[in-house]
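Here is a short briefing on one protein chain. Keep the sequence and the 3D view open side by side as you read.

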Amino acid sequence: MPDPTPALVLASSSRSRRQLLDRLQMPYQCCSPDIDETPKQGETPHQLVHRLALSKANAVADRFPGHCIIGSDQVAVFEGDILGKPHTIERAEHNLNRFSGQRVTFLTGLALLDTRHHTHRVHVEPFDVFFRQLSRDEISVYVNKEQPLDSAGSFRMEGLGISLFERLEGRDPNALIGLPLIALCDMLRQAGIDPLGAG
């Protein structure tokens, strides 16, 4: 007899990730992981988001046997620097001043941990953002209006942040918001979960 379809868990407290996962119209639970997100010595951005996405899923695994757990993490990479959440208005404005007229690469780590079989898949989705030339007044107005202090890169693409860009390049714009849905759908199908309910 085949395994029953496992229930889904999103290992995140992010409202944006919940809104993205809602688009797949599948039932799921949320559980916020408690992990240290500090980069390790010598860790590349790709290694960092890979590790943190899987760590978030693993952090809640004991509570959800027989489930598929989704973990995700994102960083911005600019001129060799790994940029996480700015946390302050000053740092958000500083970041956006640096980004003016430049390309910033976002890396989003995605993990799917299947606690039925103790297996996991991890994918890192790149996405490039090209900022237009921004004035200091524009940056100040944007940061004060949207307060993107908990967003990697200091903007919210799903909101007013779209006004900062010249163009976007990548496979899945959802990755920029925090959850690459194209890759997630592929992972779910591999785990025997079809978002379309077919088969």
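The points below go through strands, a helix, nonpolar cores and aromatic rings.

This is a predicted model. Start with strand 3, residues 67–78. Twelve of its twelve residues are buried, so this strand is largely enclosed by the rest of the structure.

**Strand 3 and its two faces**

- In a regular strand the side chains alternate between the two faces of the sheet.
- Which residues of strand 3 point one way, and which the other? His-67, Ile-69, Gly-71, Asp-73, Val-75 and Val-77 point one way. Cys-68, Ile-70, Ser-72, Gln-74, Ala-76 and Phe-78 point the other way.
- Residues on both sides of strand 3 are buried.

**Partners of strand 3**

- Strand 1 (residues 7–10) runs parallel to strand 3, and four bridges join them. Val-9 has Ile-69 as its bridge partner in strand 3.
- Strand 5 (residues 103–114) pairs with strand 3 in the antiparallel sense, over ten bridges. Here Ala-76 stands opposite Phe-106.
- Strand 4 (residues 81–83) also pairs with strand 3 in the antiparallel sense, over three bridges. Val-77 stands opposite Ile-82 of strand 4.
- Strand 3 and strand 4 form a hairpin with two residues between the strands. In this hairpin Glu-79 takes a positive phi near 50°.

- Strand 5 and strand 6 run antiparallel and are joined by twelve bridges. Leu-110 faces His-123 of strand 6 across this pairing.
- These two strands form a hairpin with four residues between them. His-118, in the turn, has a positive phi of about 55°.
- Strand 6 also runs antiparallel to strand 7, with five bridges. Phe-131 stands opposite Phe-165 in strand 7.

- Val-9 belongs to strand 1. Is Val-9 buried or exposed? Val-9 is buried: its relative accessible area is 0%.
- Leaving out residues up to four places away in sequence, Val-9 touches Gln-29, Cys-31, Phe-64, His-67, Cys-68, Ile-69 and Ile-70.
- Val-9 and Leu-113 are 104 residues apart along the chain, and their C-alpha atoms are separated by 9.6 Å.

**Helix 2**

- How does the span of helix 2 (residues 45–60) compare with what its 16 residues should give? At 1.5 Å a residue, they should span 22 Å. The end C-alpha atoms are 23 Å apart, which agrees.
- Leu-48, Val-49, Arg-51, Leu-52, Ala-53, Leu-54, Lys-56, Ala-57 and Val-60 are buried in helix 2.
- What covers these buried residues? The cover includes helix 1 (15–22), strand 3, strand 4, strand 5 and strand 6 (119–131).

**Nonpolar cores**

- In soluble globular proteins, nonpolar side chains tend to be buried together.
- The largest nonpolar core has 41 residues. Ile-70, Phe-131, Phe-155 and Leu-184 touch the most other members.
- Helix 6 (residues 181–190) gives the largest share of this core, six residues.
- A second, separate core has nine residues, including Cys-31, Ala-57, Phe-64 and Ile-69.

**Aromatic rings**

- How many aromatic pairs does the structure hold? There are six aromatic pairs.
- Phe-106 and Phe-155 form an edge-to-face pair, with 5.4 Å centre to centre and 80° between the planes. Phe-106 is in strand 5, while Phe-155 is in the loop between helix 4 (136–146) and strand 7 (165–170). This pair links distant parts of the chain, 49 residues apart. Both Phe-106 and Phe-155 are buried.
- Phe-131 and Phe-165 also form an edge-to-face pair, at 5.3 Å centre to centre and 85° between the planes. Phe-131 lies in strand 6 and Phe-165 in strand 7, so the pair ties together parts that are 34 residues apart in sequence. Phe-131 and Phe-165 are both buried.
- One aromatic cluster is made up of Phe-78, Phe-99, Phe-106, Phe-131, Phe-155 and Phe-165.
- Arg-167 lies over the face of Phe-130, at 3.8 Å from the ring centre.

Terms used: Residues numbered from 1 in each chain as written. Predicted model: local features only at pLDDT ≥ 70, side-chain atom pairs only at ≥ 80, totals over all residues. Heavy atoms only, no water. Buried < 20%, exposed > 50% of the residue type's maximum accessible area, 1.4 Å probe, protein only. Pairing = 2+ DSSP bridges. Core = buried A, V, L, I, M, F, W, Y, C linked by side-chain atoms within 4.5 Å. Expected span 1.5 Å × (residues − 1). Contact = heavy atoms within 4.5 Å. Phe/Tyr/Trp six-rings, centres within 6.5 Å; stacked < 30°, edge-to-face > 60°. Lys NZ or Arg CZ within 6 Å of the ring centre and 35° of its normal.
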